Amino acid sequence: MLMSSYNQLLVIISFIVAFLASYTALDMAGRVATASGKVARLWLFGGGFAMGVGIWSMHFIGMLAMSLPMVMSYDATLTVISMVIAVAASIFALWTVCYGELPWYRLMVGAVIMGSGVVAMHYTGMAALMVQPGIVWHWGWVALSVLIALVASGAALWLAFHLRQGTGRLTLMRGGASLIMGVAIAGMHYTGMAAASFPMTSHATHLGVNSNWLAVLVVVVTLSILGITLLVSMLDARLQARTSLLASSLAEANRELAQLALHDNLTRLPNRILLEDRLDQAINKATRENSKFALMFMDLDGFKGVNDAFGHHIGDSLLIAVTERMKSLLLGHHTLARLGGDEFVLLMEIEDPNDAAVVAGALVKSIEQPFDISRYELQVSLSIGVAVYPGDGVDERELMFNADAAMYYTKNKGRNGFSFFQPSMNIIAQNQRQLINDLWMAQDNDELRLFYQPKFRAPDGPVVGFEALLRWQHPQRGLLTPDVFLPLAEKTGLIINIGNWVINEACRQLRVWHLQGNAQWSVAVNLSALQFEQTGLVETVIKALTTHQIPAEMLTLEVTETTAMRDPDESIRILTQLTELGVKASIDDFGTGYSSLLYLKRLPASELKIDRAFVKELQEQTEDATIVSAIVALAQTLNLKVVAEGVETPEQQQFLTSLGCNTLQGYLLGRPLAADKVPELSDFFTGDKPVETFGSTPEKPKAADVG
């Protein structure tokens, strides 16, 4: 037999090619597994071709590495056939591991087919050697090479299947698996090579493809194919990762948008939009299954007072705590939603109306327990109106309307409880809604009026100005005071337009008085919390002053202590803008809120207004007298003027004057007047002292009448 030897460089290259072919196989399995449709088929056939060429090249380079004492040549047809067999086996291998599961029997069948393909590729390639006489085979080595091919194919399929997808150290794991697979493939090849012997009389036929330059060509072409395949795969993986990241980011953004669109930002409860959808579903289900459900309209009693006294941040915390307490009591199929403000709606399936009564009672009892928010112990209650489908309504609008009517009935009968809807309740609710509808038209129909209560220099004059007080001349109900309609205006947002109208109308009327010779008079206008917080307040004031040619210092804007302290820094900013124009700022209802002296001294106000609640029971040596004395002393320390409202008796007038109040306001001195009656006021003055009979005998004022 001829003695053969191996070119060590080509042997090393063959191992490298085997490793790269194995890594390509694992990488292509991942690409096919994560793709779909035409893209998956493209990776299957393209990857199978690159993998097959790599395996065939490893085999061919190994053959070229063998040196015999003759020039080797190869049959081109058989050589190409051996490569086609390698590519076909590779495509089959990728198909096996990338589609469906890989149970043991499928793994065995796949290993047999792929191993047979590798064996056929190897020995077809060996048959391409053009020598005479032919190769002498050692069948023991042949059998061993076949066994190695089958085992290697099974291991390769198993590794490729389990390393298709994953995270973390997947690349490192594929590299280790590729090394094992490469050694197995090379081991099979060189075992098969060991099975071949060449008789001493063997010689080349000098036909076919010469091997002198074939090794270089095969190595270059193979490495190019494998390199390009892996590079394309790597770029695709990076693009896919970015696309996946973008898709996940978009999905997350869509989830957040859906959350924002369908849920309340503060409590994370469903909002009105989602509630309407759930209510529609509940109606369809109840109609289909002939079942019932309850709709509860809930409103917090006393929440506005907490919000005004302690600020929005405490009010928001209270709403969250109320939500959590209600959620802890609710079981079964239900939807708890927040419509806005302190209004909640509960939609729940029931077997009997008593089920709704039990839940409503539990909610009322739970909410009336104190809440510990920040350092405060806060107490509110719950008013609930219950409507039951189908008896109390057959559609969404009717159910909501009737549940709301029942809730208003609960409030009117004393709050802190629940009521089931009765048809008679609609009268109250309809009146309320009709009043809201009328209020929307009141400004356009010129139904709003301003009354003016005079403010006197202590103790009894002269008049230094007026406070503008809003009234509504309703076409059917007559003259309405603010306590009847302002809560509705605040609830609907109309308060801003109405408030802006008040500023403009007060300035217009003041201009009329100035032209009549009362240039020393000023006017004070109350700002609601919503109006004070609107972005266009300063522009509204500037426009009114400019339009009616009013000196800025003749306009006083009154802001309640609670509103000013709700967001002190923002209040300072807004009031500073106004006072820089020359407008005066007054802190109204002082003493009823929770002021910080640190912020109070920074507020650019010119006066404090003592709330009438302290003046009402004012007598010497009383607690109210002590509070008023402290307020006056504080104001004098801060160089602020003091206005006392609600003065109804001579004793109050005398005591407040003795404390140092600058201005007095109340029914003792002057009642609110229509604008056309104000000029008559000056006729009752001679010098600077009013006639005591002006305005007739003082009556008990309504709360809304006093500025």
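**Close-up views of a predicted model**

**View 1. Arg325 over a ring.** The charged end of Arg325 sits 3.7 Å from the centre of the Phe371 ring, over that ring. For a charge to sit over a ring, NZ of Lys or CZ of Arg has to be within 6 Å of the ring centre and within 35 degrees of the ring normal. Arg471 does likewise with Phe451, lying over its face at 5.6 Å from the ring centre. A note on reading all the views: this is a predicted model, where local features need pLDDT of at least 70 and side-chain atom pairs count only at pLDDT 80 or more, while totals for chains, interfaces and linings use all residues. Residues are numbered from 1 along each chain as its sequence is written, and side-chain values use heavy atoms, with hydrogens and water left out.

View 2. Strands here are DSSP runs of E with at least two residues, helices are runs of H or I with at least four, and both are numbered from the N terminus. Buried means under 20% relative accessible area, exposed means over 50%, and partly exposed is in between (1.4 Å probe, protein chains only). Phe418 counts as partly exposed because its relative accessibility is 28%, and Phe420 is partly exposed too, at 23%. β14 (residues 381–389) runs parallel to β15, and four bridges join them; strands pair if DSSP finds at least two bridges between them. Gly385 stands opposite Ser419 in β15.

**View 3. Aromatic pairs.** Searching the whole structure turns up seven aromatic pairs. Rings of Phe, Tyr and Trp (its six-membered ring) pair if their centres lie within 6.5 Å, with planes under 30 degrees apart counted as stacked, over 60 as edge-to-face and the rest as tilted. Phe418 and Phe420 make an edge-to-face pair, 6.2 Å centre to centre with 80° between the planes. Phe466 and Trp521 are also edge-to-face, at 4.8 Å and 75°. That pair links distant parts of the chain, 55 residues apart: Phe466 is in strand β17 (residues 463–474), and Trp521 is in the loop between α15 (494–515) and β19 (522–527). Both Phe466 and Trp521 are buried. Tyr452, Phe466, Trp513 and Trp521 form one aromatic cluster.

**View 4. Helix α13.** This 18-residue helix (residues 425–442) reaches 26 Å from its first C-alpha to its last, close to the 26 Å expected at 1.5 Å a residue. The expected span is 1.5 Å times one less than the number of residues. Its buried residues include Met425, Ala429, Leu435, Ile436, Leu439 and Ala442. An α-helix has 3.6 residues a turn, so residues three or four places apart point the same way.

View 5. Most residues other than glycine have a negative phi, and most peptide bonds are trans. The Tyr389 to Pro390 bond is cis, with omega near 10°, and Pro390 is in the loop between β14 and α12 (396–412). Ala458 to Pro459 is cis as well, with omega near 5°; Pro459 is in the loop between β16 (448–457) and β17. Asn290 has a positive phi, near 55°, and lies in the loop between α8 (272–289) and β9 (292–301). Asn639 has a positive phi of about 60° and is exposed, with a relative accessible area of 71%.
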